[in-house]
Amino acid sequence: MENIVIKDETGRAIAVLFLENKVKERSLLDIRFEMMEQICEFLPTPNFHFVSVWGVPVSAVQEEKTTLVDALDDEGCLVIRPSNVPVNLPNGNPSKETKTLKQDDRRAEEPEVSELATESFGEPDLSDAVTLVKPEIKPAKKAKLQSTLTTYFGVSSKPKLMCPTASARKVHVFSEREIEQATGIEKQRKLFWNEKAEELCKNECYDDWKAGKINQLLHEKWKLRKACLVENEHMEISNKIDDILSGDPDLVTKISSSRKVKSKTVQKNLERIEKAKKALEKSRLNLPEMNGNKDKCGHEKMQRKQEAHCKHYKELHKAEDALRQNLGCKKKFLSKLKTELNE
């Protein structure tokens, strides 16, 4: 594991990010997701740009192709520049004009074999499929769509996609390999993310949302889901402790007070996390884009609502951390109880 210090352009340290697996080869887009997951509460704003080694900001489109090593300063720190406008993550939905331009460019150039493989993930264009082979390589001959897809994707004529609707809209989706390599809560996160990404992208309410905005909503939904998982795990551990003590109440006297968790503290943190969840869900509904009043809402009023929503998100993160610390203490207490019970 390697730690990366996050700084602003004044040189002030903001937080420390912990990363694994070929750290410096990871893209800045991947780093952004890690930051939103680990240190969101310390970021001055959810909208920011990375600053490259050349001293200029990295655009949202460039993040996917820029590695971490290209953004570390002389001290090995990652510098960010806050932005007053929302940062649309790479692969946002292109406008109609952009789509038309790209289609014209594709018609102007003769497609390669690899292009058909990429385009076939959506609804295949039969006109492109029949012009697959270049005349100078092989005599012109119309290729059947069925045989072409079978050649590149195996026996099945339709390639299997992870979350096809979300992928088509360029929303971030975890691959099968990433999910298989993950374990524990991280595996749950990636499975939940893919499921929710597909669900949101099929919902008409989010048809005009760009990919970056949906990604941010997915972070929020996972935060709510993880809070519920922590609560459930806490309840499970508490029940196990109660079961042991009901059979031998004297066991608790054999354990030092430092290993015990005060019930008042636990109850306070449980109430805090419930309050934070409700506040976050309520503030999300009050955002202009959720109630259809975006055009009617002034810029300052909209910004205040977004800042309030961000504040509720950070509060849920803190409440979850507090309850997770209680959970860690309870796990140690349960382990000690089991040891005393077996002696």
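Q: Does H309 count as buried or exposed, and at what relative accessibility?
A: Keep in mind that this is a predicted model. H309 sits in helix 12. The cut-off for buried is under 20% relative accessible area, so H309 counts as buried, at 7%.

Q: Leaving aside neighbours within four places in sequence, which residues is H309 in contact with?
A: H309 has its place in helix 12, and the contacts in question leave aside anything within four places of it in sequence. With those neighbours set aside, the partners of H309 are E220, L280, S283, R284 and L287.

Q: How far apart in space are L334 and I241, C-alpha to C-alpha?
A: L334 belongs to helix 12, residues 299-342, and it is buried, with a relative accessible area of 6%. Besides I237, K240 and I244, its contacts beyond four places in sequence include I241. Along the sequence L334 and I241 are 93 residues apart, but in space the C-alpha distance is 5.9 Å.

Q: What separation do the C-alpha atoms of D248 and L341 have?
A: D248 is in the loop between helix 9 (211-247) and helix 10 (263-286). At 26% relative accessibility, D248 counts as partly exposed. D248 and L341 are 93 residues apart along the chain, and their C-alpha atoms are separated by 8.4 Å.

Q: How many residues of helix 1 are buried?
A: Helix 1 is mostly covered. Out of 11 residues in helix 1, the buried ones come to nine.

Q: Which residue forms a salt bridge with E34?
A: Side chains of opposite charge can pair when their charged atoms come close. For E34, the closest N and O atoms of the pair are 2.8 Å apart. Both members of the pair are buried, and the partner of E34 is R26.

Q: What angle lies between the planes of F33 and W193?
A: The structure holds five aromatic pairs. F33 and W193 form one that is edge-to-face, at 5.6 Å centre to centre. It links distant parts of the chain, with F33 in helix 1 (residues 28-38) and W193 in helix 8 (residues 184-202), 160 residues apart. Both F33 and W193 are buried, and the angle between their planes is 85°.

Q: What is the centre to centre distance of F48 and F50?
A: F48 and F50 form an aromatic pair with 90° between the planes, so this pair is edge-to-face, the cut-off being over 60 degrees. F48 is buried, with a relative accessible area of 1%, and F50 is buried too, at 0%. Centre to centre, F48 and F50 are at 5.4 Å.

Q: Which residues do ring pairs link into a cluster?
A: F33 and W193 form an aromatic pair. Ring pairs also bring in F174. The cluster is F33, F174 and W193.

Q: How many residues apart are K277 and E231?
A: The side chains of K277 and E231 meet in a salt bridge, 2.7 Å from N to O. The pair links distant parts of the chain, with K277 in helix 10 and E231 in helix 9. K277 is buried at 10% relative accessible area, and E231 is buried at 13%. The two residues are 46 residues apart.

Q: In which helix do K240 and E236 both lie?
A: Their side chains meet in a salt bridge, 3.7 Å from N to O. K240 is partly exposed, at 35% relative accessible area, and E236 is partly exposed at 43%. The two are four residues apart, about one turn of the helix, and both lie in helix 9.

Technical notes: Residues numbered from 1 in each chain as written. Predicted model: local features only at pLDDT ≥ 70, side-chain atom pairs only at ≥ 80, totals over all residues. Heavy atoms only, no water. Buried < 20%, exposed > 50% of the residue type's maximum accessible area, 1.4 Å probe, protein only. Contact = heavy atoms within 4.5 Å. Phe/Tyr/Trp six-rings, centres within 6.5 Å; stacked < 30°, edge-to-face > 60°. Salt bridge = Lys/Arg side-chain N within 4 Å of Asp/Glu carboxyl O.
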